[in-house]
Amino acid sequence: MNEITLKEFSEIFKYVIENNKRLEDEGKKTTAIGCCGAAGLGKTMTVRQLAEELGMTCVIVRLSQIEEIGDISGFPIKEYEVVINGETKWMSNDVIQTIANCAEYEFTGESRMSYAPPAWLPREFNPKGTICFFDDFNRCNSLISNTIMEIINEGKHVSWELPKYTNIVLSSNPDDGSYNVTSMDSAILSRYIDFNIKFDVGGFAEWAEKYGMDNRCTNFAIYYAYELFDPNNPNHLATINPRSFTTFANVISGINDWSKPDNLALILNISKGCFHDPDNIVGGLFTSFIANKLDQLVSPEDMLFMDWDK
């Protein structure tokens, strides 16, 4: 399988964002992008951080939590054609009632059904662009996925449009039997470019250093990267991923002295609630790692960037 890291995906997405601006300015169709990878790899975090870096508006829509198609398409409303100060406009009854006391208007007698803009749709234009991130795309029902396909194709849905310079990102989990997902057919896959994401220990260590994760936790993750995070490992547990490990590191960060037996016992018990492994293999490995002072390695930053030829 052709796979790329999240860092590589981020570089590709940066290019797609700039290219989409050019395409839109030329009146051409823009490109949506997808990332497919195991749960907890950091797909959402990567997109959110890229939006912050570029000053873009970022909207995250978690499709696995949506059942009503109206939450994506907007709900139907009835609009009436009115003339206000010589200008013809379409307005809903609620808007007409609002302006009734401050403007003169005249009904033309025409009406139509329309769609109210959904809550997730940004109302303000950001000249640096907008990212609409549809999370868990292959966990939604066909009505919702078909609506999203229309938004990708047309940049709008019936009566509302995406803001200018909007980039659509679709995330998904692998259709390999490990997740409760829907298979994507060629008609859907041909409408956007999609990349399979793999775990990269170097990228995780670099991120952990910037995030401020305790070096002992990061060193452990580097030391046991294959056992913890590699789905190709036959003994790998799906409940252990970078997200659950980061949660574990955050929870134990308030424990000061990890050398004390009582504190190690506390860490071991906390790990049981973080990794959901009946045998708590990771918790046992981690506390042994600390007790045997294997955490006394060079920092992840030095490990990755030190000039070892000196």
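Author: **Threonine 44 and the fold around it**

Threonine 44 is buried, with a relative accessible area of 15%; buried means under 20% relative accessible area, exposed over 50% and partly exposed in between, computed with a 1.4 Å probe on protein chains only. The model is predicted, so that local features need pLDDT of at least 70 and side-chain atom pairs count only at pLDDT 80 or more, while totals for chains, interfaces and linings use all residues. Residues are numbered from 1 along each chain as its sequence is written, and side-chain values use heavy atoms, with hydrogens and water left out.

Threonine 44 belongs to helix H2, residues 43-54. Helices (H or I, at least four residues) and strands (E, at least two) are DSSP runs, numbered from the N terminus. When neighbours within four places in sequence are set aside, threonine 44 is in contact (heavy atoms within 4.5 Å) with Ile60, Arg62, Phe133 and Asp135.

The sheet comes next. It is open, has 6 strands in the order E1-E11-E2-E10-E7-E3, and its pairing is parallel; two strands pair if DSSP finds at least two bridges between them. Strand E1 (3-4) and strand E3 (57-62) are the edge strands, each pairing on one side only. Strand E2 (residues 33-36) is joined to strand E11 (residues 193-197) in the parallel sense over 4 bridges, and cysteine 36 stands opposite asparagine 196 in E11. Helix H5 (residues 142-154) packs on this sheet, where it touches strand E7 (130-135) and strand E10 (166-172). The direction of H5 makes about 145 degrees with that of E10; axes are lines fitted to C-alpha atoms, for helices over the stretch in contact, and angles run from 0 to 180 degrees between N-to-C directions.

The nonpolar cores complete the picture. In soluble globular proteins, nonpolar side chains tend to be buried together. A nonpolar core is a set of buried Ala, Val, Leu, Ile, Met, Phe, Trp, Tyr and Cys residues joined through side-chain atoms within 4.5 Å. The largest one has 44 residues, and Phe9, Phe13, Phe245 and Phe286 have the most contacts inside it. Helix H1 (residues 6-25) gives the most to this core, with 5 residues. Another core, of 23 residues, lies apart from it and includes Val59, Leu63, Phe134 and Leu170. Beyond its neighbours within four places in sequence, phenylalanine 9 has contacts that include Ile33, Cys35, Val169 and Ile197.
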